[in-house]
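Subject: Handover of a structure and notes on what was found

Dear colleague,

I am handing over the structure that you will be working with. Please keep it open beside this message while you read.

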Amino acid sequence: MEKDTVVKEKEVQRSDVVHHYLRPKKKFPNVWCAGCGNGIVMGALIRAIDKLKLDKNDIVVVSGIGCSSRMPVYLDFNTLHTTHGRAIAFATGVKMAKPRLKVIVITGDGDAMAIGGNHFIHACRRNIDITVVLINNKIYGMTGGQFSPTTTAGAFATTAPFGNYEKQFDIVKLASAAGASYVARGTVYHEQQLEKLIEGAIVKKGFSLVEVVSNCHTYYGRLNREGDAVAMISWMKDHAMPIQAAVKLPPEKMVGKFVTGLIHETDATEFCEEYDKLVQRLKEKEAQK
Amino acid sequence: MSNLRKGKVRLLQGNEACVQGAIYAGIDFYAGYPITPSTEIAEGLARELPRLGGRFIQMEDEIGSIAAVIGAANAGAKAMTATSGPGYSLMVENIGYAYMTETPCVIVNVQRGGPSTGLPTKISQSDTMQARWGTHGDYTAIALAPSSVRECFEETVRAFNLSERFRTPVTVLTDEVLGHMRELMTMPEPGELEVMERPKPDIPADWYRHFEMTPSMVSPMAAFGEGYRYNVTGLTHDREGFPTAVPSEINEKLNKLRKKIERFTDEIYKVRTEMMDDARIAVISYGTVARAAHQAIKMARERRVHVGAIQPLTIWPFPDPIISDALKNVKKIIVAELNMGQMVNEIKRIAPRNAEVFFLGRYDGEVMTPQQILDKIREVK
Ligand SMILES: Cc1ncc(C[n+]2csc(CCOP(=O)(O)OP(=O)(O)O)c2C)c(N)n1
Ligand code: SF4
């Protein structure tokens with residue numbers, strides 16, 4: 001009995017946290033389909049920010065175009081909803097102009113990997129201190145179910161009516177190889193882990209990526225007979241393998257599974273800091289003259 | 001030489017003058033991608049900005065460059081990029097974003113011949129209409145066209161001022177010859193030219209609306225990180241910056257983009273006229289061509305031809321009233337441009353009914369010569 005009430009109180013507090021970070025006046029209900037994973041990611045992001053006790057005024061959330069990229073509009077931060085694929089490039093300007101700001105990018109697999117692929121790899125390479133939360137639902141949601149660079153081989157999309165014959169990006173490998181400091185993968189089923197991964201990404205100096213495996217039951221689910229939101233999210237539960245366990249498993253046990261957790265981390269120098277060092281060096285030289 | 005480099009009088013390229021003008025105007029941030037004939041602007045700012053505590057970044061392409069510029073501007077920076085035709089083409093979607101989000105920024109387009117990669121090392125003025133109509137949708141553009149090294153400096157300063165004053169992107173249209181030509185110029189002292197800052201809000205954060213309607217039509221602009229939290233989106237939005245589909249709000253937004261500029265054209269127009277008082281023939285040209293026109297009318301006047309010259313330095317919005325006024329008593333109008341006829345259509349639109357308009361175009365990558373213009377004056381006389 002007693003235990004029950006404690007749990008309830010905790011739940012209330014957690015939902016209050018969310019409301020504290022949502023824009024009070026406008027724009028609800030949101031544009032997302034009921035059951036879309038985007039809402040879960042938004043909750044995880046908010047809780048991660050709350051845990052870190054960051055000032056709302058120091059956070060800038062930047063996004064591109066897509067269902068996932070609508071998220072900033074609801075959030076009570078400095079928010080910049082930009083053009084399709086360019087969020088990371090806009091974010092680079094924000095961060096460089098005011099490095100003290102915490103810059104977080106919300107993007108989709110189409111937004112970041114297709115049209116925005118170039119900006120993505122170069123931001124990794126520079127290792128600029130931006131956190132990218134990439135919601136991977138393996139499809140273009142907003143434009144109605146076309147395939148993306150992460151759509152599973154053979155899967156159906158409105159522009160892959162006979163099954164997808166293109167090859168897929170492994171986003172996590174791509175980011176690691178391109179030079180990102182912090183590379184993680186979570187899912188919308190594993191909400192608490194996701195929260196921690198986002199928290200770690202924000203804290204980490206340098207380019208951080210959190211790929212979130214999410215569901216678009218409206219298009220991907222329907223076109224591929226993967227069922228409703230619940231069915232798709234349950235699939236994640238059965239197929240996600242934490243990195244700690246994955247490294248111990250023989251490859252054949254990993255077939256059909258995907259790895260989650262903090263997958264790659266390094267301590268390379270960060271872009272804005274390098275730039276500031278240059279400025280400092282030039283100042284000293286000038287003073288010596 | 002060191003005297004020239006350091007002193008008040010300096011020998012500068014047009015592109016270098018853009019760099020110096022940007023610094024004079026208080027540039028904080030530059031993002032760009034190299035393209036001939038604009039690269040000296042990036043190179044100059046790569047050298048100067050870190051020393052001044054400003055920030056320079058060479059992006060992976062032009063789309064990223066203008067995106068970073070707009071991001072930086074929203075974080076409070078005076079921001080600029082420079083490019084040439086193909087790069088400008090890549091930027092136009094995001095330039096539209098800057099119009100819609102009322103983000104101040106400056107884009108220098110050092111024109112070369114086109115379409116496509118065209119003539120990278122040759123002169124042209126064929127992006128004149130692109131500077132007006134480059135991006136999709138309805139908006140009012142501001143574009144300036146200097147014709148000398150000194151004007152490259154001054155018009156870059158003015159571009160920053162207008163962009164901050166009206167919260168809008170401003171294009172500076174120069175060209176390959178102007179960008180690379182060297183002239184002596186006396187550097188303006190600090191305070192000699194006006195330098196404007198963007199209007200800032202002076203109300204509590206919870207009253208602040210990022211796209212407020214004000215009598216001046218221009219909304220004060222808080223930067224990210226200053227305690228005002230707001231949403232910026234390229235979607236048509238209401239005064240608070242939230243996407244809207246309400247017809248009256250859509251109308252209000254689009255009207256604002258147009259009116260905040262069209263109501264204040266007095267502050268934007270800049271037109272130079274020369275010997276127009278008794279002119280029966282007018283030569284209208286801008287940019288480098290205006291230099292040839294200046295020579296040509298001098299030569300024609302020596303032969304007692306009543307000819308004058310009109311040179312718009314603001315080419316968008318097109319200075320209709322000033323140019324129409326100058327054309328009142330003119331019977332023949334020659335419009336000289338390095339393209340197949342772009343500004344000439346604006347002149348046809350506003351020319352007095354009893355005046356004839358003649359077009360003199362050149363698009364072979366060479367400059368317009370005074371002789372060519374003189375020949376045209378003779379022909380139409
Ligand atoms: C330049 C440009 N091209 C195409 C579009 C159309 N468009 C809007 S969203 C989108 C795909 C979004 O997919 P994704 O990033 O995966 O986000 P999701 O909607 O799935 O969350 C496309 C192609 C656009 N807005 N701009
Ligand atoms: S279309 Fe798909 S991605 Fe978009 S809101 Fe609906 S479920 Fe989510």
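The notes below go through helix contacts, a ligand shell, a pocket and some backbone details.

Please note at the outset that this is a predicted model.

Helix contacts

The first contact joins the two chains. Helix α11 (residues 271-288) of chain A packs against helix α3 (residues 39-52) of chain B, with the axes 8 Å apart and an angle of about 80°. Angles of 65 to 115 degrees count as roughly perpendicular, and α11(A) and α3(B) are therefore roughly perpendicular to each other. On the side of α11(A), the contact is made by Y275(A), L278(A), V279(A) and L282(A), while α3(B) contributes L49(B), P50(B) and R51(B). By type, the residues of this contact comprise 6 nonpolar, no polar and 1 charged.

The second contact lies within chain A. Here helix α5 (residues 117-126) and α6(A) cross at roughly 45°, and their axes come within 7 Å. That angle makes α5(A) oblique to α6(A). From α5(A), the residues F120(A), I121(A), C124(A) and R125(A) meet I171(A), L174(A), A175(A) and A178(A) of α6(A). The residues of the contact between α5(A) and α6(A) divide into 7 nonpolar, no polar and 1 charged.

The shell around ligand 2

Which residues are found around ligand 2? They are W32(A), C33(A), C36(A), C67(A), N137(A), C216(A), H217(A), T218(A) and Y219(A). Of the residues in this shell, 6 are nonpolar and 3 are polar, with no charged residue.

The second largest pocket

The second largest pocket has a volume of about 620 Å³. It is lined by 19 residues, and those closest to its centre are F169(A), D170(A), R185(A), K257(A) and F258(A). Three elements of chain A give two or more residues to the lining of this pocket, namely α6 (171-178), β6 (208-213) and β8 (258-265). The lining residues of the second largest pocket divide into 8 nonpolar, 5 polar and 6 charged.

Backbone details

Two cis peptide bonds in chain B deserve a look. One runs from G114(B) to P115(B), with omega near 5°. P115(B) is found in the loop between β5 (105-111) and α6 (128-133) of chain B. Another cis peptide bond joins W316(B) and P317(B), where omega is about -10°. P317(B) belongs to the loop between β13 (314-316) and α11 (320-326) of chain B.

In chain A, K53(A) is not a glycine, yet K53(A) has a positive phi of about 55°. Where is K53(A) found? K53(A) sits in the loop between α2 (37-51) and β1 (59-63) of chain A.

Yours sincerely,

A colleague

Definitions and conventions: Residues are numbered from 1 along each chain as its sequence is written. Chains are lettered from A and ligands numbered from 1 in the order in which they are written. This is a predicted model: local features need pLDDT of at least 70, side-chain atom pairs count only at pLDDT 80 or more; totals for chains, interfaces and linings use all residues. Side-chain values use heavy atoms; hydrogens and water are left out. Axes are lines fitted to C-alpha atoms, for helices over the stretch in contact, and angles run from 0 to 180 degrees between N-to-C directions. Helices (H or I, at least four residues) and strands (E, at least two) are DSSP runs, numbered from the N terminus. Angles under 35 degrees count as roughly parallel, over 145 as roughly antiparallel, 65 to 115 as roughly perpendicular and the rest as oblique. Contact means heavy atoms within 4.5 Å. Ala, Val, Leu, Ile, Met, Phe, Trp, Tyr, Cys and Pro count as nonpolar, Asp, Glu, Lys and Arg as charged, and the others, Gly among them, as polar. A residue is near a molecule or strand if one of its heavy atoms lies within 4 Å of it. On a 1 Å grid over the protein atoms alone, a cavity is a set of points where a 1.4 Å probe fits but cannot get out, and a pocket is an open set with protein on both sides within 12 Å along at least five of seven lines; lining residues have an atom within 4 Å of a point. Grid points are joined across faces, edges and corners, and a volume is the space filled by probe spheres set on the points.
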